[in-house]
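Subject: Structure handover

Hi,

Here is the structure I promised to pass on. Have a look at it first, and my notes follow below.

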Amino acid sequence: MSTFDLVVIGSGPSGRRAAIQAAKLGRTALVIEKHKKVGGVSVHTGTIPSKTMRETVLNLSGWRERGFYGRAYRVKQDISAADIQSRMEKTLEHEVDVLEHQFARNGVKTMRGDAAFRSAHEVEVTLPDGEVRVVTGGAILIAVGTHPFRPDYVPFNGENVFDSDEIVAIPKLPRSLAVIGAGVIGVEYATIFSALEVQVTLIEPRATFLDFVDKELMEEFIHELRDRNVALRLGAEVTKIEFDAQGRPVCRIATGRDVTSEVLLFAAGRMGATEGLNLAAAGLTSDHRGRITVDPKTLQTAVPHIYAAGDVIGFPSLASTSMEQGRLAACHAFGLQPPPPPEFFPYGIYSVPEISTVGMSEEDVRKRGIPYECGIARFRETSRGHIMGLQTGMMKMIFSKKTRRLLGVHIVGEGATELVHIGQAVLNLKGTIDYFMDNTFNYPTLAEAYKIAALDAWNRAFGPAAAPVV
Ligand SMILES: Cc1cc2nc3c(=O)[nH]c(=O)nc-3n(C[C@H](O)[C@H](O)[C@H](O)COP(=O)(O)OP(=O)(O)OC[C@H]3O[C@@H](n4cnc5c(N)ncnc54)[C@H](O)[C@@H]3O)c2cc1C
């Protein structure tokens with residue numbers, strides 16, 4: 001069979017969700033994947049490997065227990081790259097297995113090969129043995145994701161200069177690491193390696209980083225990184241990368257203060273993987289970063305039956321949002337119009353400590369001129385925090401003084417990426433401070449921080465002592 005209702009190029013989060021949604025609607029779907037296993041960047045080099053590495057590092061290093069037993073505490077002495085790899089292999093195998101089973105159960109066909117457009121309805125697939133097959137799709141979804149941006153001035157060698165897809169397979173843990181690019185990926189890896197006592201230098205040309213995160217939260221985060229001896233080199237532009245006499249990479253910085261490290265990770269940007277797709281044959285183009293423009297409501301490209309979803313369409317480039325985009329694209333292609341996605345979705349940054357945020361930051365609220373109040377809770381104020389030995393961790397909530405509505409929740413610390421969903425639910429259901437005041441929370445939990453932060457805001461802005469809103 002070579003004709004399908006939906007042909008999906010790429011088996012990452014957006015592609016797999018779209019294919020399964022199409023199958024659930026009774027349509028035939030084919031997923032073409034050039035990698036030898038399905039799952040995409042998310043399963044093989046991005047989300048899952050980096051989070052597995054983080055979990056392994058935190059477990060083996062005894063990180064979560066150090067509040068009690070001191071900084072020298074270790075579950076395992078001499079953690080090696082092999083320790084990390086073995087857990088990663090098991091996790092990834094399981095992920096692929098679950099995914100293959102999902103495809104099989106739903107009757108989604110898969111084909112291994114490199115796909116390119118032959119026309120607006122036809123896709124040519126070059127199989128691993130060189131044979132070329134042509135498949136036809138009533139609808140086609142481009143879900144090819146991204147690959148790391150590899151500028152010419154970076155001497156990638158797979159030995160001590162890596163990109164963000166290669167670092168998960170690092171053969172030996174270094175004593176020092178320089179990371180170029182303080183975006184989400186750079187910050188995650190910098191802090192994960194730092195939790196292993198690797199001496200980390202984070203290099204970023206701009207004076208600030210993770211600017212979408214609430215400033216007060218970032219101050220807390222930066223304080224913690226400095227306390228752990230992570231060297232932050234902000235406003236530092238790398239002009240050249242050379243190797244010293246011992247073969248170590250040296251980043252030459254415009255301001256003159258060079259950075260030498262055993263290993264260098266370049267994590268500054270990714271490009272849409274559209275270069276080999278022959279988009280022109282389908283009447284499509286991509287921008288200078290390989291991305292495809294779509295109608296954000298329907299995920300349609302300029303050619304109505306061709307959709308694009310996931311990282312290849314740019315912001316927000318998360319596995320979580322990619323899955324939803326894939327589902328929406330398939331629904332639209334087959335005549336279903338699901339309601340528009342809720343206004344606010346969470347960001348999770350799996351750094352050490354982790355950060356998660358949903359809704360408006362204090363800076364956003366100020367820009368919009370909304371009268372507001374903030375409530376702060378520190379995890380060390382919660383009984384659960386005492387039990388866990390937490391000395392850091394903070395939650396900040398922002399409420400409208402006029403409507404009492406929750407406007408944003410920002411968390412740094414243990415469990416942030418899970419905790420944020422309580423705030424997300426209240427936010428998208430347009431809840432107010434009263435939800436947190438009136439409801440009982442399990443005790444002892446870190447979620448109690450919601451109650452503490454809400455009380456903090458209430459005492460100042462809504463309680464008997466509060467000044468009237470003008
Ligand atoms: C280090 C790192 C950490 C991350 N951490 C998180 C996180 O914690 N949370 C989160 O939500 N997101 C995270 N992300 C982002 C997340 O991985 C992406 O948003 C997500 O993978 C994008 O999914 P996608 O559907 O666009 O496809 P991708 O996962 O990018 O997969 C695309 C697939 O298409 C295939 N392909 C490409 N071209 C062709 C072709 N011509 N023919 C056939 N197949 C092709 C590729 O081989 C690949 O398998 C992280 C990313 C990285 C790099």
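Start with Phe436, which is buried at a relative accessible area of 0% (buried means under 20%, exposed over 50%, and partly exposed in between, with a 1.4 Å probe and protein chains only). Its ring and that of Tyr435 make an edge-to-face pair, as the centres are 5.2 Å apart and the planes stand at 85 degrees. Rings of Phe, Tyr and Trp (its six-membered ring) pair if their centres lie within 6.5 Å; planes under 30 degrees apart are stacked, over 60 edge-to-face, and the rest tilted. Tyr435 is partly exposed, at 37% relative accessibility.

Before going on, two notes on the model. It is a predicted one, where local features need pLDDT of at least 70 and side-chain atom pairs count only at pLDDT 80 or more, while totals for chains, interfaces and linings use all residues. Residues are numbered from 1 along each chain as its sequence is written, and side-chain values use heavy atoms, with hydrogens and water left out.

Back to the rings: the whole structure has 10 aromatic pairs. One of them is Phe345 with Tyr347, a tilted pair at 5.6 Å centre to centre and 45 degrees between the planes. There is also an aromatic cluster made of Phe149, Tyr153, Phe156 and Phe266.

What about the charged side chains? A search of the whole structure turns up 31 salt bridges (a side-chain nitrogen of Lys or Arg within 4 Å of a carboxyl oxygen of Asp or Glu). In one of them, Arg378 joins Glu220, with the closest N and O atoms 2.7 Å apart. Arg378 is in strand β20 (residues 372-378) and Glu220 in helix α7, so this pair ties together parts 158 residues apart in sequence. Here helices (H or I, at least four residues) and strands (E, at least two) are DSSP runs, numbered from the N terminus.

(Lys and Arg count as positive, Asp and Glu as negative; His and the chain ends are not counted.) You'll find Arg228 in the loop between α7 (215-227) and β11 (231-234).

Cheers
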